[in-house]
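Q: Hi! Could you walk me through this structure, starting with the ligand?

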Amino acid sequence: ALPGARIESAAGLALAIAEAPVAVQQLGRPRGRLAVIGLGPGAAELMVPAVKAELARAQDILGYETYVRMAGPFRDDQVQHCTDNREEMQRARHAFELAAQGRSVVVVSSGDPGVFAMAAAVLEALHASSDPAWQRVDLEILPGVSASLATAAQAGAPLGHDFCVMSLSDNLKPWSIIEKRLDLAAQADLVLAFYNPISKSRPHQLGVALDIVRRHRDGQTPVVLGRDIGRPGQTLKVVSLAELQPQMVDMRTMVLVGSSTTCRFDRADGREWVYTPRWY
Ligand code: SAH
């Protein structure tokens, strides 16, 4: 048959022949994708390849400005949506709105997105939504190297045995819960990894937290302080729990407090190794 011709059969079947091949890309709407990714601590070598691939395919990148900048550089066709660090739920909803339109969207976190970061906010937004377009989005969470793991690796193996991860920020939970958990975790002799240890709006809480830990732990307990690990100007310090002062710590620091078995010894280069043996 000739292009544009219609053939109709007695069975009620109609067949049309198009003038030109159909451009599938311009028909309908692709299934949107939303990836919540972890950049790792900062260094490009510590970013997992799946995250790199996701950044390359992204049309929209959402996140706290510092992290979006860390994830770049981006091409001209990629749209960056930088927001304030505290607007997490709004950012999560915005990401679903874009993905529901068929776009390929990335939400950026530092470290791992599931550790005090965007993955839980994105799932909370989806759970609360009854929009079927949001449910249809191809959602994936891609992991990253979390700050506690990156810091531990540089110090040796302080997390070599059972450990506990806590955020000391009381922005999203009451301080009384933090005190209770600190007390029980310290009593249980777990190595303690503190995220968000201190900030300008909470200058006194780290001191209170350390007082609780000191009730259960010897002054000689090794403490690792990793600041800006995997980023320019990174520093790693090992001090004892007795020496540790809140002024040594800021919001870009990871604090690892050893257990009763954590030990330290000199390295050939004048620095120190810290590790927690696998046995008890
Ligand atoms: N999702 C992130 C943690 C976000 S909470 C992760 O998995 O790493 C932010 C806290 O993480 C900071 O206050 C600091 O305690 C810690 N942190 C994040 N990146 C860090 C880095 N590069 N070096 C040291 N600590 C870091």
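Q: What should I know about the model before we start?
A: This is a predicted model, where local features need pLDDT of at least 70, side-chain atom pairs count only at pLDDT 80 or more, and totals for chains, interfaces and linings use all residues. Residues are numbered from 1 along each chain as its sequence is written, and side-chain values use heavy atoms, leaving out hydrogens and water.

Q: Thanks! Which residues come nearest to the ligand?
A: Val115, Ser146, Ile229, Met251 and Thr253 come nearest, out of 20 residues around the ligand. A residue is near a molecule if one of its heavy atoms lies within 4 Å of it.

Q: Which polar side-chain atom lies 3.4 Å from a nitrogen atom of the ligand?
A: That one belongs to Arg231. Backbone N or O atoms come in as well: one of Val115 lies 2.7 Å from a ligand nitrogen, and one of Arg252 lies 3.5 Å from a ligand nitrogen.

Q: And how much of the ligand does the protein bury?
A: The protein buries 93% of the 540 Å² that the ligand exposes when taken alone. Those accessible areas come from the Shrake-Rupley method with a 1.4 Å probe; for residues, only the protein chains shown count as cover.

Q: What classes of residue make up the shell?
A: The shell has 10 nonpolar, six polar and four charged residues. Here Ala, Val, Leu, Ile, Met, Phe, Trp, Tyr, Cys and Pro are nonpolar, Asp, Glu, Lys and Arg are charged, and the others, Gly among them, are polar.

Q: Which domains does the shell draw on?
A: Domain 1 (29–145) and domain 2 (148–275) each give at least three residues to the shell. The bounds come from an automatic or database domain assignment.

Q: How far apart are the centres of domain 1 and domain 2?
A: Their C-alpha centres lie 29 Å apart. The contact between them (heavy atoms within 4.5 Å) takes 10 residues from domain 1 and 11 residues from domain 2.

Q: Back to Thr253: buried or exposed?
A: Thr253 is buried, because its relative accessible area is 6%. Buried means under 20% relative accessible area, exposed over 50%, and partly exposed in between (1.4 Å probe, protein chains only). Thr253 belongs to strand E13 (residues 253–257); helices (H or I, at least four residues) and strands (E, at least two) are DSSP runs, numbered from the N terminus.

Q: What does the side chain of Thr253 make a polar contact with?
A: The partner is the side chain of Asp250, at 2.7 Å. A polar contact is a pair of N or O atoms within 3.5 Å; within protein, one must be able to donate a hydrogen and the other to accept it, and residues adjacent in sequence count only if both atoms are side-chain atoms.

Q: And where is Met251?
A: Met251 sits in the loop between strand E12 (235–240) and E13. Met251 is exposed, with a relative accessible area of 57%.

Q: New topic: why is helix H8 called largely enclosed?
A: Seven of the 10 residues of H8 (residues 205–214) are buried, so the rest of the structure largely encloses the helix. Leu206, Leu210 and Val213 are among the buried ones.

Q: What do the buried residues of H8 pack against?
A: They pack against H7, E10 and E13.
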